[in-house]
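Q: Please take a close look at one part of this model and describe how its elements pack and pair. A connected account that then places the part in its wider setting would be welcome.

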Amino acid sequence: MTERTERTERTERTERTERAGRAGRTGRPPVLSVRGLSVRFLLPGARRVAAVTDARFDVAPGECLALIGESGCGKSVLASALLGLLPANAQTAGSALLGDLDLLTAGERTLARTVRGRRIGLVPQSPAAHLTPVRTVRSQLEETVAQLTGVRGRAALRDAAERAAERAAFPADHLDRHPHELSGGLAQRAATALALVGDAPLLLADEPTTGLDRDLVDRTVDELRRHVDADGDRALLMITHDLAAAERIADRIAVMYAGRIVELADASAFFGAPGPRHPYSRGLLDALPDRAFTPIPGTPPELGALPDGCAFAARCDRATDACATLPPPTGPVACHHPVPAARTLVTEETRA
Ligand code: SF4
């Protein structure tokens, strides 16, 4: 990346953060408000897996919130809970308000008829599996347009489907292909086109860049960002382990570890100065090849056997005896010894 491009992108990111901050300050209610969301899976032998614990965050109109963390930390379970797509052995607690509708207590009929596709557009984790294998992309787009919009008539549906494809940069000359005839990138764009059809106020993108090369990652997330910026009323919750994608388009970052959100921060502060304050968040950034390229030691704990205290303690070089109890979940950083906000460089001396 050239210095000028990098500077331009950082400026754009700062502008987005300010825009999201303004949206929050306008007093407009959040598009999505999650409080105390927990998910437990009940397994044979009275075992319980704490997949998500006490998640709380808002997503404001015009805002992109990126939920980041390693695979298996509970991000996608949280997304499934919001869409009412958890398996039968899952128990939920807390609330997730989309307007005045609590997604956690809404019935399947309500979710199927009024939420999925209409109020929440889903960009799925596995687009090839999400698409119907025996039907062309055109036919799936036309059916979705017919279901989610008032468009009727063969010619009108054809036009609307082609416009939907264009919004996601899906090439018109591939519309009559079946999913197995598409590359991973094109399947992703087809799934994105389907997710955008309903003009939903909340777009939920679950690992939307998996399997894409960097150029396609940038194009895909830019398209999602454009959807949010189009009228300032929509919001995007992007679940990803791709920190570069999050840095490119997010206004705020929520970091998840072992089922808990451990840090919520403005993206510009998180990726720039002063940087993340939770030791795990800092470790995630330090592991990037273009930063310290130093992996976090150890592995995450099993969600079915979490310790009583901080779940990151076994991997944390700031841990003390105090960390044997859970850090309070309130505030932007759930940690007994967060990295001081004023510090931009971590040294052994300042850590002591
Ligand atoms: S609470 Fe303690 S162990 Fe957990 S991240 Fe903070 S310093 Fe490390």
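A: In this predicted model, helix 2 lies across strand 3 (64-68), strand 6, strand 7, strand 8 (235-240) and strand 9 (252-257), and it runs at about 145° to strand 7. Helix 7 (residues 184-196) packs on the sheet as well, where it touches strand 6 and strand 7, and its direction makes about 180° with that of strand 6. Helices (H or I, at least four residues) and strands (E, at least two) are DSSP runs numbered from the N terminus. Two residues are in contact if their C-beta atoms, placed from the backbone, lie within 7 Å. Angles run from 0 to 180 degrees between N-to-C directions, with axes that are lines fitted to C-alpha atoms, for helices over the stretch in contact.

Numbering and thresholds are as follows. Residues are numbered from 1 along each chain as its sequence is written. As this is a predicted model, local features need pLDDT of at least 70 and side-chain atom pairs count only at pLDDT 80 or more, whereas totals for chains, interfaces and linings use all residues.

The sheet in question is open and has six strands in the order 6-7-8-3-9-10, with mixed pairing. Its edge strands are strand 6 and strand 10 (260-266), each of which pairs on one side only. On average, neighbouring strands of this sheet are turned by 15° against each other, direction ignored. Two strands count as paired if DSSP finds at least two bridges between them. Strands of a sheet pair through backbone hydrogen bonds, either parallel or antiparallel.

A residue is buried if 20 or more other C-beta atoms lie within 10 Å of its own, exposed if 12 or fewer, and partly exposed in between, with C-beta atoms placed from the backbone.

Ile-120, located in strand 6, is buried because 25 other C-beta atoms lie within 10 Å. Not counting residues up to four places away in sequence, Ile-120 touches Leu-83, Leu-98, Val-115, Ala-200, Leu-202 and Leu-204. Its C-alpha atom is separated by 9.0 Å from that of Leu-98, 22 residues apart along the chain.

Arg-118 lies in the loop between helix 3 (108-115) and strand 6. With 17 other C-beta atoms within 10 Å, Arg-118 is therefore partly exposed. Leaving aside neighbours within four places in sequence, Arg-118 is in contact with Leu-148, Gly-198 and Ala-200. The C-alpha atoms of Arg-118 and Leu-148 are separated by 6.5 Å, although the two are 30 residues apart along the chain.

A further open sheet has four strands in the order 2-1-4-5, with antiparallel pairing. Strand 2 (47-59) and strand 5 (101-102) are its edge strands, each pairing on one side only. Helix 2 (residues 75-83) packs on this sheet too, touching strand 1 (32-43), strand 2 and strand 4, and its direction makes about 75° with that of strand 2. Strand 1 and strand 4 pair in the antiparallel sense over eight bridges, and Arg-35 stands opposite Ser-95 in strand 4. Strand 4 (residues 90-98) also pairs with strand 5 in the antiparallel sense, over two bridges, and in strand 5 the bridge partner of Leu-97 is Asp-102. These two strands form a hairpin with two residues between them, and Gly-99 in the turn has a positive phi of about 65°.

Of its contacts with a separation of 6 or more, 65% join residues 24 or more positions apart. The mean pLDDT, the predictor's confidence in each residue from 0 to 100, is 89, and 89% of the residues reach 70 or more. Over residues 344-352, pLDDT stays under 50, and the model has eight contacts beyond four places in sequence for them. Where pLDDT is low, the predicted coordinates should not be read in detail.
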